[in-house]
Amino acid sequence: MPERQKGLGLIIIALMLGMLLAALDQTIVATALPTIVSDLGGLEQLSWVVTGYLLASTVTTPLWGKLGDQYGRKTLFITAIAIFIVGSALCGLSQSMGQLIAFRSLQGLGGGGLMVLAQAIVGDVVPPRERGRYQGFFGAVFAVSSIIGPLLGGFFVDHLSWHWVFYINLPVAAVALAVIIAVLPGRSTRTKHTIDYAGIVLLGGATSCLVLLTTWGGTTYPWSDPLIWGLGLAAVAMLVAWWFVERRAAEPVMPPRLFATRTFTMSSAVGFVVGFGMFGALTYLPLFMQVVYGASATLSGIHLLPMMAGMLTMSIVSGQVISRYGRYRYFPIVGTAVATLGLFLLSRLTENSSTLVMSVDLLVLGVGLGMTMQVLVIVVQNAVGYEDLGVATSGATFFRLIGGSFGVAVLGSVFTATLNDDLRQVLAGVRLPAGFDPAMVQSDPTIIKRLPPALAADFLHVYADAISSVFMVAAPIMLLGFALSWFIPELPLRKTVSAVDLGEGLGAGSAERSSLEEVERGLVRLADTDLSKGYYARLGELAGLDGIPPAGVWIIARLGGEGWVRGQDLADRGKVTRAEGRPYADQLVAAGLVTRSADGESLRLTAEGERAAAALLAHAKDGLRALIADWGAHPELHRLLDTLCPQLLGADADRPR
């Protein structure tokens, strides 16, 4: 028993490290971007350092999940972490912005697999009774990554170099890889899928074309350019093809029927807008702080803390309030309104604004995003039928992350266009120092510090104005989200949906769970709460075990169907000495429910005891059945109860104290 626990602990640590790396790389580069631009150039391509990772990780998550089910999650997790390691090493070695963007996409491909498969493997190796606790650990990983990502990025830039933003992944990922290879058992069971390759390729291609269109249109190429028109036509053609393919696919990546549900459509649209605002702010605020305020990379990460703290706090608070009162409709309405205000306030920042004002503005934005992000997953899960629960949850996460990709790309185009226009105006009215090339200001913003004070002030104003315009554009888009959120109806909250997932609410990638796995996840969370609150006393009363204390009821549940069990083994499972457990066993023997072996070393239920154990199991099933009744009658849910209930009943962690 101790060896198994040690092995399980190592596996969980390795999985958490893998998820931490994948989640961190969504935000860790934000504070390093200004330094990367000053080293590699390519300010107009800055957005793709973030977009490349988000797009690759988001579009490939359905494929990782299905392939893991079909060919074994251990093999696929090893593949994903190997891709992530190679991508990270190549990112650190990049000599141009084009190389960095390409390698970030490769890194995102591996990162998507890490987030999906790590969560799936937990279900393979952790007993059902303990999954709620471990799910909480993984939710904490995303919470921690959202806070420390920008801080770590700034720290590495200031004390090492921007290359270490990527190199730090190598030793950590190598440890995780070694542990998984050595300790994680291979899964013997496989689930055959008809993988929707065409749907994944068409959806990913259409999304990439649209992001490229919004990035290049009006900046790199005029809107009338044939390339821009070609990207638009290709995106439309692929979306139409995707629609027809999905209607015929055996296991569509995103069934078109979901869009007939108003709640899903409106929630996805609002999620898209929220991702747009969140990742847009995370990408361009560090540039503002480092170029305009002259803050260090580390300090720019610290300045982002009010936003991240507001997001985390309100995500937790909103989830708890919804779980307690069952009402959710006004959270996205109020949240998008507050986020709109936050973006508007940020658009008013200038080179003369104080850091206190900026911190308050960021806190307002974070509070608004936090009130919305967690809730949208709950809204979608609560609105769809059981057969669509898994794909709808994945769809909600997909649209938020794709919104982030579009946000970074579109706002990057706004930033570049405004910067170019403002620079032309400044250059038309000033005399430049001899030998100074104005193009250097775009490729290396840090050069502004070396200009004469009056000229430097002009260029700082140009950067401040360009970045403020980013938020001026983002604010009305968030306002559109506010308008759309009014069309999200409120439905009675399903019980398993109320068991919220902090990780997915904080911008994590989807775990690509099936509908059955989503229900099981919520059921285990609810059972975890119930089992810790006088459960065996209530269960004993329902089974008619009057006079039997909760610890005795637990022993009956533990012995049910087991035959002879050594007393020492039972004491070890309950984490007590035999002397502490003996009074309860003696009481059960006296009541005719348990018998002892001739040597007094083992215990077994009598026929009456087996009937009592069967009654306990039946009442426990009834309790769980009530929690999933609002999903309707589905054979696989009944089979879930038959499998899950015996595993939950009599678990070591629930022995009454």
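Predicted model: local features only at pLDDT ≥ 70, side-chain atom pairs only at ≥ 80, totals over all residues.
Which residues in helix 14 meet which residues in helix 18?

Residues are numbered from 1 along each chain as its sequence is written, and side-chain values use heavy atoms, with hydrogens and water left out.

The protein chain holds 26 helices and three strands. Both are DSSP runs numbered from the N terminus: helices are H or I with at least four residues, strands are E with at least two. Of the 657 residues, 57% are buried, meaning under 20% relative accessible area with a 1.4 Å probe, protein chains only. The chain exposes about 25,400 Å², by the Shrake-Rupley method with a 1.4 Å probe. Carbon and sulfur atoms supply 64% of that area.

Now the helix pairs. Two packed helices are described by the angle between their axes and the distance between the axes. Axes here are lines fitted to C-alpha atoms, for helices over the stretch in contact, and angles run from 0 to 180 degrees between N-to-C directions. Helix 14 (residues 330-347) and helix 18 (residues 453-485) have axes that come within 8 Å and cross at roughly 165°. That makes helix 14 roughly antiparallel to helix 18, a label for angles over 145 degrees. Their crossing is left-handed: the near helix is turned anticlockwise from the far one by less than a right angle.

Here is the reply to the opening. Pro332, Ile333, Thr336, Ala337, Ala339, Thr340, Leu343, Phe344, Leu346 and Ser347 in helix 14 meet Ser468, Phe471, Met472, Ala474, Ala475, Met478, Leu479, Gly481, Phe482 and Ser485 in helix 18. Contact means heavy atoms within 4.5 Å.

Turn to helix 4 (residues 73-93) and helix 5 (residues 97-125). Their axes come within 7 Å and cross at roughly 150°. That makes helix 4 roughly antiparallel to helix 5. This crossing is left-handed too.

Helix 22 (residues 550-559) has nine of its 10 residues buried, so it is largely enclosed by the rest of the structure. Trp554 and Arg558 are among the buried ones. Gly561 follows helix 22, with a positive phi near 70°.

Strands pair if DSSP finds at least two bridges between them. Two bridges join strand 1 to strand 3 (residues 602-605), and Val565 stands opposite Leu603 in strand 3.

Terms used: Buried < 20%, exposed > 50% of the residue type's maximum accessible area, 1.4 Å probe, protein only. Parallel < 35°, antiparallel > 145°, perpendicular 65-115°, else oblique.
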